[in-house]
Amino acid sequence: MEPFKFIRAQDNNNAIAAAAVADAKFIAGGTNIIDLMKLNIEKPHQVVDINALKLDKIETLSNGTIRIGALVKNSDLAYHPNISKNYPVLSEALLSGASAQLRNMASVGGNLLQRTRCPYFYDTSYPCNKREPGSGCSAINGYNRNNAVLGTSDKCIATHPSDMCVAMAALGAIIHVQGAKGMRSIPFADFHLLPGKTPSIETTLKHGELITAVDIPVMSFAVKSHYLKVRDRASYEFALASAAVVLDVQGGRIQHARVALGGVGTKPWRSTVAEKVLTGALNNEQTYRTAAEAALSAAKPYTHNAFKIELAKRTLVRALTTVGGMS
Ligand SMILES: Cc1cc2nc3c(=O)[nH]c(=O)nc-3n(C[C@H](O)[C@H](O)[C@H](O)COP(=O)(O)OP(=O)(O)OC[C@H]3O[C@@H](n4cnc5c(N)ncnc54)[C@H](O)[C@@H]3O)c2cc1C
Ligand code: SF4
């Protein structure tokens, strides 16, 4: 680990000013950034602790939107009564992640920005375009069982590891940020970037911008929703494939649908093609299977991860079956 200056910010403006210098990073729960610093993957020279900022509330706005402060812990969000009752997909996604101890430390803002678990990204003896732009991608012709099949490029095939983000993609969350030039709001779909030719640039967040909150817009039918995660062991493991599903079924037909996939995409993967198949269709297994085929139609397999395509389809069908059967 490189030496760094540690600053404990007292308010948003203070934090943003301290993070404006080159090579500065915020620290919230520290569950990802500290590992990355220990391994010399991230080498900030100034670390700005934001834990004293007043960003730890979950509020319901007058229009019903739920505003989640960036410092709300993953466990507090998962067990919040409004979330667990009305947005079970988000609660279940959070509780499927990491371990209880990690969820008690991990913040919502940090979860949005957690970095990939591609093993070559963490091993500095291997080339990796995401860690060192232009050095090459060791996964494309290497061991790529856990890598992505959707949204890949010839520069990077790393999966986005978050569970929470998959549910937020399905719910159409909005991310609020504050920087030296003021505040702005970013629709969830525009926040994470595909790797393309620049896999080291992962989001549209600018250097020094602070995530202040995430909004979950009102979605009354989200009470019927589910997050299903398939992984190599039952807990403390990242997804091989996961599905976040919200369905509004009336009179045997699907009126509204939200679908997002995890473990298979280079970003949290909202599947508007699957939603299109589902919307207006009969609520039955044939529809679910057609939607799953559509969701994975653009998938590109690599040497060791072709199994993920069928696994993701089955995961989505299972999640749709669960939600479609809720009375
Ligand atoms: C062993 C292990 C297993 C895990 N398993 C899972 C899993 O199964 N599923 C899953 O989804 N996750 C998993 N995680 C990841 C975990 O959820 C993340 O590490 C955590 O959410 C990051 O939050 P944090 O507050 O600790 O972020 P930090 O480590 O403090 O920060 C992460 C990044 O976010 C930036 N940041 C933090 N807050 C802000 C803000 N408000 N504004 C701007 N930038 C900010 C930091 O600068 C840093 O770049 C696992 C982690 C570990 C260590
Ligand atoms: S897939 Fe991405 S993160 Fe993994 S080695 Fe290739 S460039 Fe690096």
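Helices (H or I, at least four residues) and strands (E, at least two) are taken here as DSSP runs, numbered from the N terminus. The model is predicted: local features need pLDDT of at least 70, side-chain atom pairs count only at pLDDT 80 or more, and totals for chains, interfaces and linings use all residues. Residues are numbered from 1 along each chain as its sequence is written, while chains are lettered from A and ligands numbered from 1 in the order in which they are written.

The chain contains 13 helices and 12 strands. Its C-alpha atoms fill a box of roughly 60 × 50 × 35 Å along the principal axes. The radius of gyration, taken over C-alpha atoms, is compared with a globule rule of 2.2 Å times the number of residues to the power 0.38. For 327 residues a compact globule would come out near 20 Å, and the chain, at 19 Å, agrees with this. A residue counts as buried if 20 or more other C-beta atoms, placed from the backbone, lie within 10 Å of its own, as exposed if 12 or fewer do, and as partly exposed in between. By this count 50% of the 327 residues are buried. Two residues are in contact if their C-beta atoms, placed from the backbone, lie within 7 Å. Among contacts between residues at least 6 apart in sequence, 65% join residues at least 24 apart.

An automatic or database domain assignment supplies the domain bounds. It divides the chain into domain 1 (5-52) and domain 2 (220-324), with 36 Å between their centres, taken over C-alpha atoms.

A nonpolar core is a set of buried Ala, Val, Leu, Ile, Met, Phe, Trp, Tyr and Cys residues joined through C-beta atoms within 7 Å. The largest one has 99 residues, of which V89 and A167 touch the most other members. Helix α9 (residues 164-171) gives the most to this core, with 8 residues. At least three core residues come from each of domain 1 and domain 2. Leaving aside residues up to four places away in sequence, V89 touches A167 and A170, and also A222, S225, H226, Y227, A244, V245 and V246. In α9, 8 of the 8 residues are buried, so the helix is largely enclosed by the rest of the structure. G172 follows α9 and has a positive phi, near 65°.

Turning to the ligands, a residue is near a molecule if its C-beta atom, placed from the backbone, lies within 6 Å of it. Ligand 1 is surrounded by 29 residues, the closest being G29, G97, G109, G110 and N111. At least two residues of this shell come from each of β2 (24-27), α6 (100-105), α7 (108-112) and β8 (210-216). For the class counts, Ala, Val, Leu, Ile, Met, Phe, Trp, Tyr, Cys and Pro are nonpolar, Asp, Glu, Lys and Arg are charged, and the others, Gly among them, are polar. The shell around ligand 1 has 16 nonpolar, 11 polar and 2 charged residues. Around ligand 2 there are 15 residues, and C118, Y120, C128, C137 and C156 come nearest. Their shell holds 10 nonpolar, 4 polar and 1 charged residues.

Most residues other than glycine have a negative phi. D23, not a glycine, has a positive phi of about 65°. D23 lies in the loop between α1 (12-19) and β2 and is partly exposed, with 13 other C-beta atoms within 10 Å. N40, also not a glycine, has a positive phi of about 60°. Its place is the loop between α2 (33-38) and β3 (46-49), where N40 is exposed, with 11 other C-beta atoms within 10 Å.
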